[in-house]
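Me: I've got a few "how do you know that" questions about this one. Could you set each value against its definition as we go?

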Amino acid sequence: MSEWVNNNIPTFTHSDIPTFTYSKLNMTSPQLDSKIPAGPIEDKWTKYKSSVPLVNPSNKRRIEVIVVGTGLAGASAAASLAEMGYKVKAFCFQDSPRRAHSIAAQGGINAAKNYQNDGDSIYRLFYDTVKGGDYRSREANVYRLSEVSGSIIDQCVAQGVPFAREYGGLLSNRSFGGVQVQRTFYAAGQTGQQLLLGAYSALQRQVGIGAVQMYTRHEMLDVVKIDGKCRGIIARNLVTGEIERHSGHAVLLCSGGYGNVFYLSTNAMGCNVTAAWKAHRRGAFFGNPCFTQIHPTCIPVSGEHQSKLTLMSESLRNDGRIWVPKKKDDNRPANQIPEAERDYYLERRYPAFGNLVPRDIASRAAKERCDAGYGVGPSKMAVYLDYASAIERYGKGEANKNNIINPTDEQVREMGKDVVKEKYGNLFDMYKQITGEDPYEVPMRIYPAVHYTMGGLWVDYNLMTTVPGLYALGEANFSDHGANRLGASALMQGLADGYFVIPYTVGSYLAGEIRTGEIPTDHEAFVQAEKDVKDKIAKLLSVKGQTSPEHFHRELGKIMWDKCGMARNAKDLQSAILEIRALRKRFWEDVRVMGSADELNPELDKASRVSDFMELGELMCQDALDRNESCGGHFREEYQTEEGEATRDDENYMYVSAWEYNGESNWQLHKEELEYENIKIAQRSYK
Amino acid sequence: MSLTLKVWRQKNKDSEGSLETYALEGISPDMSFLEMFDVLNEQLIHENKEPIAFDHDCREGICGSCSMHINGRPHGPLTGVATCQLHMRSFSDGDTIVVEPWRAVAFPVMKDLVVDRSSFDRIISAGGFVSVNTGNARDANSLPVPKENADEAFMAAACIGCGACVAACKNASAMLFTSAKISQLALLPQGQAERKLRAEKMVAQMDSEGFGACTNTGACSAECPKEISMENIARMNREYLGAKLTSSRV
Amino acid sequence: MSWLTQTLSSSIGKKLIMALTGLFLCTFLIVHMIGNLQLFKSDEGLAFNTYTVFMTTNPFIKTISYGLYAFILIHAFDGLYLAYINQKARAKKYAKVNNQSTWASRNMGILGTVLLVYLVVHMGDFWYEYKFGHLPFKEYTIDLSEGTIIDTRQMPDGFMLNSKIEERLSDDNKSKTVIVKDLYQEAESSFANPLLVLFYILGMAAVSFHLVHGFRSAWQTLGANHPKYNPLFNFLGVWLFAIIIPIAFAAMPVYFFLKQL
């Protein structure tokens, strides 16, 4: 062990392989009751809704629900539950609930409305989502998601969300990657913002009438369990540093994803796993932690200083062509590389879908080219996204429309640029702002980046975790997206969970809580949880080492990206586990947290979050190591075809991995077998 | 690049603050302004000094957390850009940059560059919504909205609630923020039922928070990272005065 | 509080008061300017002096003028109060400010205060003198067939009339004599003083800056901001109120000053 302190990368020996205990192969663990209602899939939810126990209005007033996080899932849940009459306490670490990272989603939200008369239906959305997720999601949940998707649009429109519209005043739709219908509703490139502001306004309305008590700049640091049930949380007031006890009959974790474990991601700086991780440590199983989505169109890293990555909407792939030079280490500027010397590798490899293949495939293909030495830009870790031919095509179209015969090349380019500007202007501006290059003149450089985590807390059909009374919604749960999420589905899921699922399902638990009465916060469990939190904070402040939390986060991110990122293999994963353990050890010996515990102290917040990421990182690697197949966002180099396509192993791995925490570096794997009764399983092919 | 930074440091809400001067070297023009602050903070930690607290989150110009008054302008020298999307190439080697928090009585400084903008949330709570409970909505396409109205409502709804309008206004007025929400909902059919009440209540809340009145200087719109138009303030005035004159509440 | 006082004491209500009184003062400026253009007539002040009588005796105009005084006071005090609460909204000032707004728009309070001082001096010079001072009278004899002035005569000191004007036809009905309070003469003598001329020019500069923002701003406060009509507001605000009116007014003292050189 001692060599780790000297922060050498440990050499891997067989005896160091982490050991897991397996439940019986391909048999659902008895601890994982998914509580899927019986009956045909299209009737499950309707039947469930009409038979779920209800809580009468006078009882609702006496029941408190805690909601952690105020993104799409959290804000919509808090508002809806308060409307129903529950007493709600909502928490967010930001200075306002409106700043949750759902705000940054660009492209759109899917719904099976079939407004475009192109044959869309609930079943098709369900089918596309399950297939897109590479058959690693739970059928009943996904079907329900598709079923309520239309109501989400209705609800948002009623709230005044300004979706894009046609001249007739009806809603406009666009298409998105990997799908054959137009079912994506959008508000320019700011759909997430508009949806979140809709949910936020519903939430603020409830705050205004006193039905929701809002705690901003508060971070949840533990869940409190009494007699096996979740009874409250411990939160830290990030302004005063005060540790507060809050009791509730149910706790809803809507705390988002954990993409920041990679340090660089498209997540916001504050996005963290802490709430979910504390729940995990208190008994909530963690589902599919290794399923991470790498988004193909992000602005590449420009240097060591980089703090986060910026996504360029997937919609750009509708018109842009992706290429790299045919020659290795070609240092010519893009515009000087002749057509014949360019490799449009997506069009070459996937002629049927071309540049519109799903995210996981586009990302891996970019990585493959760059790893092989064909990357472009100063870092050589980027590929071109080229609008030259789109500009020409649109320009010619405009010339036609305006009856300009024999337009000059210059005219065509100018008219084409105007069309592109109208469609993607804000994205092009953003690219120019960040890189200093004009994408109308030179091809954009893009590279994949961590964007979304399909994994999260394991939940049953009711969205309840393995801890009774503790729920997980939105990106925080292991979700309906299987191993890969389709574009414009995250917004759909967050709002489905918050607006249309939890208001019903929480009743089935709370109906049994009407006699509980107010939960006192002086119970031993609260005292102990508060002490644990305080101890950890004191420990963080007491190390007084040399290295900033930020620095550790960066190191962790590098390990994760290199070894548990877009492509993984057993050897690297095993060594990553050891490296993370060593890093964690070093963290607790050498972290320097400035300031004190009783003031606004972003360094302390950060240190606490990084310490949780370091535990999660190990679990992600373990999960990736366990899953000896390639599926969706999880690509194991050992399991691929000769052409480099993913090889899924349905025989042995058609299950959800749910990990139980049994102490440091000690997890037990439980499996939930996935059954597909309504969809024929097929190999995904986009060739 | 080498820079001199003069940054507002303030221990907490109740203490007096002052501008502190820091020298920074080796700054890349490709860094964002906040990444430059990250470097400065790392440097401070190495010197065993407390790093500078500042609000930031998404770093892609949409969450509205960042709130720096840079060289006399909210969000710095560019138009239509939040601090997080400002890059160091907008500055020159050797520059001195003064960074202050938003200044307004309604935005008290909590620490260094962090201010309390909860007054904005309270303005929204007063009426910045359509009172429609979950599950009560009719089919989305049963209510056509003229494209121009939808587009205009969207432009107003693009507000990120950063508070740059208040910071830029010589009166620390929140009228651009408030009017953006009133406008959005006044332009849409969904907002009609509560139109009058909304305008009355939101303006009353805005006034009670201690923001100044509007002098129509246009500084708010000029500094707004989302370039929200002054037309919204005119619309809010119409909405408010119209509501006061015609609503049934005495 | 009734709804009305509640409305008028809100931030928008206070601005409404500024806008309505301000726009009224703008229309007054137009009337005042057109009337005063008679100063440029080379009739030794006959037209101007009779106009002055009309303006100070016509019951309708008199009623309006009381409204005008009230509006000036309301505009001034509401403006000063607004300036006070507005600066209170930012207790701690910025160390560095780089404004993106026009100078005039930021300094309406200062410009308004300058104008208030100007008004006090201006009204002391003319309004007060005319009403309570001892202005001399002047007699004009006019040929009725030609419409020309045949003769003028300064009335002696201490000459008084029961009214501000007295008209008398000659016995042959060919001419008439008009005896009228000679405010024109007051202007002539006052503007011989270069310092006062300069003060008036500065006053008009303040009017120009105050109105280049104020006129447009008043409409904005009233809710008028529309791409179709904004060019009209801007045109009037700039050309009529910030250029033509202040220049025409400033030309008057300059004209008298040059005339007596």
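Me: What makes residues 65-491 of chain A an "FAD-dependent oxidoreductase 2 FAD-binding" domain here?
Reply: That name comes from UniProt, where an unreviewed entry places the domain feature at residues 65-491 of chain A. UniProt positions are given in the numbering used here, feature names are shortened, and annotations may be inferred rather than shown by experiment, so treat the label as a record's. In the coordinates, that stretch is 32% helix and 19% strand, with its end C-alpha atoms 23 Å apart. Helices (H or I, at least four residues) and strands (E, at least two) are DSSP runs, numbered from the N terminus.

Me: What are the ground rules for the model?
Reply: This is a predicted model, where local features need pLDDT of at least 70, side-chain atom pairs count only at pLDDT 80 or more, and totals for chains, interfaces and linings use all residues. Residues are numbered from 1 along each chain as its sequence is written, chains are lettered from A and ligands numbered from 1 in the order in which they are written, and side-chain values use heavy atoms, with hydrogens and water left out.

Me: How do you know where the domains of chain A are?
Reply: The bounds come from an automatic or database domain assignment. It divides chain A into domain 1 (2-17 + 543-659) and domain 2 (296-450). Their C-alpha centres are 32 Å apart, and the contact (heavy atoms within 4.5 Å) takes 11 residues from domain 1 of chain A and 12 residues from domain 2 of chain A.

Me: Why is Arg349(A) with Glu645(A) called a salt bridge?
Reply: The term asks for a side-chain nitrogen of Lys or Arg within 4 Å of a carboxyl oxygen of Asp or Glu. The closest N and O atoms of Arg349(A) and Glu645(A) are 3.2 Å apart, so the pair qualifies under that rule. The count between domain 1 and domain 2 of chain A is one salt bridge.

Me: How much area do those two domains of chain A bury?
Reply: About 870 Å², with carbon and sulfur atoms giving 56%. Buried area is the accessible area (1.4 Å probe) that two parts lose on being put together, summed over both. On the domain 1 side of chain A, Arg554(A), Trp561(A) and Met566(A) lose the most, together 54% of what that side buries.

Me: And what holds for the domains of chain B?
Reply: The assignment there gives domain 1 (3-111) and domain 2 (118-246), with C-alpha centres 29 Å apart. Each side puts 20 residues into the contact. The two domains of chain B bury about 1,300 Å² between them, 59% of it on carbon and sulfur atoms. Pro74(B), Ala106(B) and Phe107(B) lose the most area on the domain 1 side, together 33% of what that side buries.

Me: What makes Glu223(B) and Arg73(B) a salt bridge?
Reply: Their closest N and O atoms are 2.9 Å apart, so the pair meets the cut-off just given. Between the domains of chain B the count is one salt bridge.

Me: How do you know which chains touch?
Reply: Two pairs of chains touch, and chains A and B have the most contacts of them. Chain A and chain C have no contact, and their closest C-alpha atoms lie 21 Å apart.

Me: What makes up the interface of chain C and chain B?
Reply: Chain C gives 35 residues to the contact and chain B gives 48. The buried area is about 3,400 Å², 56% of it from carbon and sulfur atoms. In chain C, Ile12(C), Arg90(C) and Tyr94(C) lose the most area to chain B, together 19% of what that side buries.
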